[in-house]
Amino acid sequence: MTPETTLFADDPRMFFPGPVDVPDDAVAAQLKPLFGHRSGRMDELFSAVQERLRTVFCTDSRVYLLACSGSGLQEAAIRNCVRMPHTGARVLVLVCGGFSQRWHDVAVGCGRTVVKDEIPWFEAFTPDLAAAAADRANSDGNLDAVCLVHNETSTGVMHDLAGISEAVRSVAPNALFLVDAVSSLAGAEIRVDDWQLDICLTSSQKALAVPPGLAVGAVSDRVLERAATVEGRGWYFDFLVLDSYLARGTTPATPAISLVQSLLVQLDRILEEGLETRWARHRDLRDLTRRWAVDRGFALCVPDEHASVTVTTLAGPPGWNLEAMNQRLAAADMAVGSGYGKEKGKSFRIGHLGELRADDLQRLFEVIESGTV
Ligand SMILES: *Cc1c(COP(=O)(O)O)cnc(C)c1O
């Protein structure tokens with residue numbers, strides 16, 4: 001047995017793009033005794049986590065922790081970065097699947113003026129496409145923000161984040177660039193400062209491999225400057241409130257202390273593996289999955305140049321029985337992701353993120369192959 005496979009008492013079972021299997025020591029960390037969140041122990045835990053998060057996000061600025069799932073930070077990003085309609089301001093959402101559509105719906109729900117630029121599912125925004133959309137939305141210079149989902153988990157498309165950031169900034173320099181990296185951060189290469197991402201947000205239960213319930217987001221100085229001019233920020237998600245408490249090593253509301261303990265264990269594991277090594281491991285898992293799929297006659301739903309390193313969407317060969325495959329997997333106590341939303345029943349998604357290794361995928365492939373349909 002390789003040392004890696006001892007992370008789990010039982011073999012990983014969840015091959016969907018989140019929640020993922022959490023290593024035993026990170027699960028157990030939640031059982032540590034609780035303490036008051038205005039105590040010195042919270043200070044210590046918070047500063048340990050803050051320092052490691054900055055390394056993992058490749059940023060020198062701040063990383064907020066919230067007791068909510070990633071969708072909460074999608075909402076926080078809108079509330080803090082986009083001024084109300086009476087100012088003439090608007091936000092552009094680049095939509096190419098289920099989670100970018102959700103961010104659009106969140107922005108509409110927050111009462112902002114929203115411009116949607118949409119391309120078909122399984123396609124990607126290139127830097128040119130994104131810049132053209134930003135240019136159109138910014139014709140009067142009133143575009144406050146551009147929202148992009150880095151890794152569209154519903155389709156398995158991953159965007160060129162550095163290229164799109166630069167292209168959008170060149171046509172709309174005052175627009176904040178907001179990135180949902182929920183299913184890619186800590187799996188794919190992301191450099192928040194170098195790539196000038198104003199917000200980069202994620203959830204605990206995806207590539208960080210922590211139980212669900214925490215949202216984590218890096219936030220630039222430009223965002224705080226904007227937030228000071230925005231009405232209707234609410235309170236729970238107000239970055240200015242969060243920032244004043246972060247300066248004192250704590251949060252305005254009670255933090256999810258047990259989950260933060262679990263996060264600390266995973267951050268140490270991630271930094272011990274090394275960011276570059278972790279990114280390369282996810283690339284290798286993607287390549288392994290795609291090679292296996294092609295060998296077995298499955299169709300790849302996303303071309304190589306936009307293929308996600310954390311999730312692969314496949315369609316079965318002619319006559320393939322998805323239902324029968326799912327039953328074989330269930331009998332082996334495993335599961336893959338179904339097609340998302342309107343793709344349900346047509347394709348399926350293999351998540352290869354978190355602490356999964358090639359051996360784990362091989363076990364999955366064997367079960368998928370053990371039937372003829
Ligand atoms: C899972 C996911 C979300 C939603 O995250 P929650 O933590 O469930 O709120 C948003 N965006 C992307 C890209 C995701 O993969």
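Tutor: Helices α5 and α6 are roughly parallel to each other, because their axes cross at roughly 30° and angles under 35 degrees count as roughly parallel. This is a predicted model, and the values that follow are computed from it. Helix α5 covers residues 127-137 and helix α6 covers residues 161-171. Their axes come within 8 Å, and the crossing is right-handed.

The contact itself can be followed residue by residue. On the α5 side are Pro127, Ala130, Ala131, Ala134 and Asp135. They meet Gly163, Ile164, Ala167, Val168 and Val171 of α6. By class, the contact of α5 with α6 has 8 nonpolar residues, 1 polar and 1 charged.

Another pair, α2 and α9, can be set beside this one. Helix α2 spans residues 40-57 and helix α9 spans residues 257-273; their axes come within 10 Å and cross at roughly 40°. The two helices are therefore oblique to each other, and the crossing of α2 and α9 is left-handed. Among the α2 residues in this contact are Met42, Leu45, Val49 and Arg52, while α9 contributes residues including Ile257, Val260, Leu264 and Asp268. The contact of α2 with α9 divides into 13 nonpolar, 2 polar and 2 charged residues.

Technical notes: Residues numbered from 1 in each chain as written. Predicted model: local features only at pLDDT ≥ 70, side-chain atom pairs only at ≥ 80, totals over all residues. Heavy atoms only, no water. Axes fitted to C-alpha atoms, helices over the stretch in contact; angles between N-to-C directions. Helix = DSSP H or I, 4+ residues; strand = E, 2+ residues; numbered from the N terminus. Parallel < 35°, antiparallel > 145°, perpendicular 65-115°, else oblique. Left-handed = near helix turned anticlockwise from the far one by under 90°. Contact = heavy atoms within 4.5 Å. Nonpolar A, V, L, I, M, F, W, Y, C, P; charged D, E, K, R; others polar.
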